[in-house]
Every structure is written in structure tokens, then in C-alpha cells.
Amino acid sequence: MRSSDPAREPTVDDVLGPLGAAVMHAVWQQGDATVASVAAALAEDGTSTSAYTTIMTIMGRLHDRGLLAREKHGRVFVYRATAREADLLDRMSQDALDQLLARYGSTAYRQFAMRLGEVDPDLRRRLLELAGAGEDGS
Amino acid sequence: MRSLLTSALVVTASALVCFVLSAITRGDPLVVVESIGGLAVAAWATTALVLVARSAMLAKQLAAQGSSVLIDGLPCRILPTHAPRAFVAGVLRPSVFVTSGAIEVLAPDELRAVVLHEAHHARTLAPVRASLVEAWWPALQRVPRARGLLSGRLAAIEIEADRFALAGGASRRHLASALLKLDPAPFAVGFAGGGDERLRSLLDDEARPGHAIPVEWMAGLVVIGLAAGCRLAGTTLGV
């Protein structure tokens, strides 16, 4: 059916950049993480030697984008990832496509699907019947 | 109150346009008609150009995100997102875009039906043709008959693509089940039109002709023809 290789799956690096991705990986690994623990982990495994404040900025942005949730414990924020890696990639690439299509408007492309909620209910019922029919529905 | 104000503005603007045109043409009615025709064509062409440019930009941006594959020998670009969608965008060489989500949810025969449908759109420059139809929308959306003609023409473009898929070996059942499985983009509202007509064509065994009038080309030609007719009449009759 498909005669060439499927598309390469995007990685967190593709959508967040190397440092953002490294931070997310550290948070996924730690579960509950602080800026200090992430900075230490990145320095330890040689991924990044970025300053504490850089890591804090990155984590703040990831929080703003809804990728990290945080709670204040005493004087520090404890961060937790809001989704697993696969779910996050799916959500982000879907959002990016939606934003792109919305930006250029529905007149910029012809899509196969249609808003079935707006069609005649009888036609919708018949469509469901046809979709559920056997091979004789050809 | 708002509609009253809008009406007053329209009347004032129309009167102003007529006054300016009469002053320029010194009251020659044929030149006035020509000028109005010219303005209508210019407005339509500008709107169409904007819509076509949007399609080109979108295709360019999407092409950077997707990778090329062949599905049943038909070139497609796969977009790595789980939203199950299929569409075509672009101007001179439109591309078929299928998301990895669509490939996951569609059975092979359904995917083939969808790709055949979209391949017809690509082959017949559907994004450009649809843009030319939709460029009339701002001017004619309040005229019920024109509105029906425009949305009917858009439905006809979809019906042509469905028939191409059927002629290529897809079944009505697979087109129907693919319609149920794929998501329309949530913001694709308003001037999508003609949904009932497309479904009737897909559901009925007897082929129903879509709107035969190719509005996307004819409408502009009619306006140009009228202007040319006025000019000819002016020359030959000395009006």
C-alpha cells in the first residue's frame, strides 16, 4: 500500500529546542523537580552547563506553555510535567497544525472532511448506514 | 440602529461613487457601466489573489513540516500529527497533505479513497478554483440566489473529486466511512456550504449532476463581456 518510508516521528527536540527538551527530559526522569535539581542533573550528565537563571527562565516558559505544572513548596517551586512525552508531542504538533490552518483560513485549502453536524439529519443517518454496509455499498 | 446606519452608509457611498463616475464620464451611461464592471472585476481579482496567496503560503509552510510519500502511487505529504485530516493546498502544483493520524484511523481502502479524492483536487487546481468562487462571497453573500450558486459550485468541486475517486476504484462505502472518521478543522465554518448536496451525490446510486456552471471562471468573464459589449455598442451605435 505505502511504497516509501513513513514520516519521521518528531522529537521533543524538534518542538522545544535542545535546552527545553533537556529540561523536559530531566523533569520526566525526576517526577517532582526544582530548578536546582534540573540544573544539577543537566550539569551532571553534561547535557548543559547553563546558569541557574537560564534554567529557571526555561522552566518558567515551559510552565507558561502548559507543559509543566508547578506548586510552591516553601520558597521554591516544585515542577511536574503535565503530560508524557508521546502525549505532549501529539498535543503540540496538533496545536501547531491547527494554528497554521487557522492562520491562513479555511479558504486556503480544500479538506476532505465536512462538518456533519450541519447537514440534514436524514442524510447523516443514511451516511452512517452506508458506512456500516457490506461490500455491496460500492 | 446599527442596520439603519449601515444602510445609510451604503446609500451615501453608492451616491458618492455614482457622482464621481458621472463626473469622470460626463454622464455617459455606457462608460459608467464599464467603470462599475471594471471596479467589480478589480475587487474580485484582488480578493482572489489574496486567497490564492494564502494557499501558496500555507502549502509552503506545511511542506517544511511534512515528508513526501507515495500512497497507491499518488504523491502525498505526511504531516506528523494525530489529528486525522486530509486536505490539499497550493497553487500551481497543489500538494495532498495527509496526517499520520489519518493514516492510523483509516483502513487501507478508505485511505485510498481519500487520497484519490484529494489527488483530483490537486490535479484540477481546486484550491485556486475554490478561491475564485469564494472571492465573490463578500460581495454576493447577501443575495440568496448567488449564495446558492456559489456554495453549489463548491459542492460540485467536491462531488467531482468524489466521482473521480469512485472511477478510480474507491467505493461509496469507503468514502462514507472516511468522512465519518476524519475531522474537519474546527474553524472551517461559514462558507463551506453545499454539504447536503455532496452527501446526496455520494449516497444516491443515480449520479446527480452538480452545478454545471463554472462560476469561478464564468463570473469574471461575464463582467468583462458586459464591459466589452458596452464599449462595442458605444463604438458602433455612437451612443
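In the predicted model, about 5,100 Å² is buried between chain A and chain B, and 63% of this area falls on carbon and sulfur atoms. The size of an interface is often expressed in this way, as the accessible area lost when the parts come together. In terms of residues, the interface brings 42 residues of chain A into contact with 68 residues of chain B.

Three salt bridges are found between chain A and chain B. A salt bridge also links A:R126 to B:D204, with a distance of 2.8 Å between the closest N and O atoms. On the side of chain A that touches chain B, the elements giving two or more residues are α4 (85-104), β3 (109-111) and α5 (121-132) of chain A. Of these, α4(A) gives the most, with 10 residues.

A nonpolar surface patch was identified on chain B. The patch is formed by B:L16, B:F19, B:V20 and B:I24, which together have about 450 Å² of accessible area. One of these residues, B:F19, is located in helix α1 of chain B, which spans residues 2-25. The relative accessible area of B:F19 is 60%, and the residue is therefore classed as exposed, the cut-off for this class being over 50%.

How values were computed
Residues are numbered from 1 along each chain as its sequence is written. Chains are lettered from A and ligands numbered from 1 in the order in which they are written. This is a predicted model: local features need pLDDT of at least 70, side-chain atom pairs count only at pLDDT 80 or more; totals for chains, interfaces and linings use all residues. Side-chain values use heavy atoms; hydrogens and water are left out. Patches are made of residues with over 30% relative accessible area and no salt bridge: like charges are joined within 9 Å, nonpolar side chains (Val, Leu, Ile, Met, Phe, Trp, Tyr) within 5 Å. Accessible areas come from the Shrake-Rupley method with a 1.4 Å probe; for residues, only the protein chains shown count as cover. A salt bridge is a side-chain nitrogen of Lys or Arg within 4 Å of a carboxyl oxygen of Asp or Glu. Helices (H or I, at least four residues) and strands (E, at least two) are DSSP runs, numbered from the N terminus. Buried means under 20% relative accessible area, exposed over 50%, partly exposed in between (1.4 Å probe, protein chains only). Contact means heavy atoms within 4.5 Å. Buried area is the accessible area (1.4 Å probe) that two parts lose on being put together, summed over both.
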